[in-house]
Amino acid sequence: MAGGIGILVLVVLSVPVLLIVALAMISALKTRVAVLEAQVAQLRSQAVGRERVAPGPVGQEPVAQEPVAQEPTDGPTLQEWMRTQAPAATAPKPPPVERPVAPQPPASPAQQAPPAPMPLPAAARERAAPQYARAPRQPASPDAFDLARRAVRKWFTEGNMPVKVGVLVFFAGIASLLKYASDQGWMRMPVELRLAGIAASALAALVFGWRQREARRSFALSLQGGAIGVLLLVIFAAFRFYQMIPAGVAFALSVVLVAGAGVLAVRQNAIALAVLGILAGFLAPIWLSTGSGNHVALFGYYAVLNLAIFVIAWVRPWRALNLLGFVFTFGVGTVWGVLSYKPEHFATTEPFLLLFFFCYLLVPILYAQQRPDGKRDRIDGCLVFGTPLVAFALQAALLEGDRMQLALCALALAAVYAALAWWLRRRERFTMLATSHALLAVGFATLAVPLALSAQATACVFALEGAALVWLGSHQQRQLPQVTGLLLQLLAAGAFAIGLADNPTAATPIANAACMGALLIAIAGFASAWSYRRISADPPALVYYLWGLGWWCGNALHEIDRFVTAQEWPDAVLMFAAVTGWVVAEVYRRIPARALAWSVVAAMAAALPLALVQDAAHDHPFAGLGGVAWLVFALAGWRSLRCLRDHGEGESPIALAHSLWLWSWALAAGLSLYWLASQAAFGDGWKVAALGLPAWCIAALVQWRPQWIATPLASHFEQWRAPLQRLFVLAVALGATVALTVAGSSTPLQWLPVLNPLDLAQLAVIGLAAAWLASPLVSDDLRERRIPLLAAAGFALITVITLRTVHHVGGIAWGGSMFSTSLVQTSLTIVWSVLGVFGWILGSRRGQRDLWRAGAVLMAVVLVKLVLVDRSHLGTMLGIASFIAYGLLCTLVGYFAPAPPRALRTEFDASP
């Protein structure tokens, strides 16, 4: 037996060798054919240039004549080609036998001349003469490795070869020398000498960069910036790492370098150099800090830097420099305030805050003034709007929330911005900047109101006032009221957040200040959306609608969270979503807008995750208040679909809403059936089948009884029936695929192969997929592939049924470890062999080459499995049986189907 196994292994391993030899022989034959074709083409070109022979009189040999110029034709005629292709060495013709010829009347001149052969058309010549000449092949584009090889070859063969090689050798020698010196300790020198050498090199580079500023500007600026950076690093290293200089000296040297960088930048009009200098200046007190915590010295130094930025802004419109100073000044100030500020620091901190505020209040004006005439109306929005917001927030932190003082600060800011707006409005080139300052003045004046009133009352006032201003601005086509109305509604949201923090609890649901305030903000958003909708301004209408919808839903969820228990929370949210979708659908029926239709879709989609939450909260979706919630969802969803039907024909929202409606019921019903099977202590096969049964039923109704599932949409359902069925079939197929990993216990019934709940459910899925793939609901390409798809699904199911049989009948534990047992491997070998033999024989008998190939491939896989896997089980009867079974089955194949199908065999016979 071992000898037979060795022979079998030898045969299997010799197949690749034979294939390689055959490929080599085919390649040699192709080369010889190409050479012969080239020789034939050369002979043909020589034959075309020979002299043409004209026929002589009757009974005489043809007489050669001089070539006669003729009109160009499409090519040689059939007679000429046959004459040129005649063999060169042939037997001489016997002399013609003279026979008595009856006297005939003299022929006319036209009859005496033999007719010229007619040229054949191009198509006829192609059929008559084989094409020996082939079109030249286009050279293939080089790949990345070829390009790299060419580049290396070019580098070594072109250009100044001695210099290139010399540089390479030189660098190699220097690298070796440095390594040797480092190993011997020659590179050790005092730290002072090393830092001094680096500083001297940087100074030399700085001077050289300054001298090259006109000849090579980019090179010079880069060199100067790098030199200044190296000098700053030398100062930092000397102070921080080696303690060679005190902090005051290091700080003074850093200030000198920063100032020098600023001067060089202004002289050369180089913004990059200025940014480098300012960045180093702001970082200097951080990396040179000694931990003393002297905020007066820190802010005093920052004040000097900001005054330098202000002076530069007077002559250069460098926005990046302004933003850098703003970010570092207020950023470092905020960090210090969070970490180190104390109330006793107010007197020494407030002046610096005011100084920084006024500095960056005037910088945007200087920036706008330095802009060209055609661009002076452009403003630096980051500084114009960011400065007052950041400064006011820091002021509120310094005042520790004193609302009255903050109200006075807001009024003071409103006065300052109103004065600047009035002054800038007198100059036409600052129109945009004046408008921005006017808006800030109105904003801070409005902000003073909530600082003196309660937050919730402020939210209501701001929301309604903002909606009114939006309506007025949209009606009169004025931008200022519209922007003001938007800001007021945003301020209302901020006031609501403050009021909610002050009064987090409420005794009565819905009828409380927090709920009413949020409701008014939502109504104001809806009203603003309606105002823009009337003038066909869809983008702002959509933004305001989403704003209002967000406040509407957030307010409801907040109330449910406070007054509903955790177990009933998903039920209440489902009822709210259903009612909201129904209200929106009613509005959509009167004002058809796509945003409203998509809101109904979102309400339908909310039922899917809520069903899962209900299942986790109270056993299944219909338990407790879940039954009431799903009843509300059924009534509201039915009415919502009818409202969408009136204006939604052919649109995607109604199709998606209906699909989500069906999916919600399938999920809820499936979870409930799964719970019932668990309560009855059924096996996992029953549970999995019960979970997917509702989805399969809906897919079956869509496939065979679409009129039952179309209500309440009637004939509109046909427009999305095909994609809906595709989703349902794919979903149940995916579920059936996942179920392949389940053992499928049929408790309390006895488990039987195929006749158990899980196997029957998976067979039902395959049957549904087969009906769907054969129906007009799928494309032609997919319909043509249904046989391979169904065959693959059937093969997977048969394999899993085999494994389940081994598990339930043979007592093998279900899991990945079962594949290491002889029983599993032998069973798979026999089943796969039977399937392969069946496909092989059936394909051969019916002439279906795809089926024959599938059987052949499966048999090859089994053979590989025998050699690689089952060979380790040859010491057991099961392993021996697998080999014997495979041999017998192959013998049966050789008896019933010794050859491939006729079509496949013809194809093989025709191949070279």
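In which handedness of crossing, left-handed or right-handed, does H12 pass H13?

1. The structure under review is a predicted model. Its protein chain comprises 912 residues, of which 36% are buried. The secondary structure amounts to 34 helices and two strands.

2. The protein chain exposes about 52,400 Å², and carbon and sulfur atoms account for 68% of that area. Where contacts link residues at least 6 apart in sequence, 69% of them join residues at least 24 apart.

3. Helix H12 spans residues 319–340 and helix H13 spans residues 346–370. Their axes come within 11 Å and cross at roughly 160°. An angle over 145 degrees counts as roughly antiparallel, and H12 and H13 are therefore roughly antiparallel to each other. As to the opening question, H12 passes H13 in a left-handed crossing.

4. On the H12 side, the contact involves Arg319, Asn322, Gly325, Phe326, Thr329, Phe330 and Trp336. These meet Thr349, Leu353, Phe356, Phe357, Tyr360, Val363 and Tyr367 of H13. By class, nine residues in this contact are nonpolar, four are polar and one is charged.

5. Is His437 buried or exposed? Its relative accessibility is 2%; since buried means under 20%, His437 counts as buried.

6. Leaving aside residues up to four places away in sequence, His437 touches Leu361, Tyr417, Leu420, Ala421 and Leu424.

Notes: Residues numbered from 1 in each chain as written. Predicted model: local features only at pLDDT ≥ 70, side-chain atom pairs only at ≥ 80, totals over all residues. Heavy atoms only, no water. Axes fitted to C-alpha atoms, helices over the stretch in contact; angles between N-to-C directions. Helix = DSSP H or I, 4+ residues; strand = E, 2+ residues; numbered from the N terminus. Parallel < 35°, antiparallel > 145°, perpendicular 65-115°, else oblique. Left-handed = near helix turned anticlockwise from the far one by under 90°. Contact = heavy atoms within 4.5 Å. Nonpolar A, V, L, I, M, F, W, Y, C, P; charged D, E, K, R; others polar. Buried < 20%, exposed > 50% of the residue type's maximum accessible area, 1.4 Å probe, protein only. Areas by Shrake-Rupley, 256 points an atom, 1.4 Å probe, with all protein chains shown as cover.
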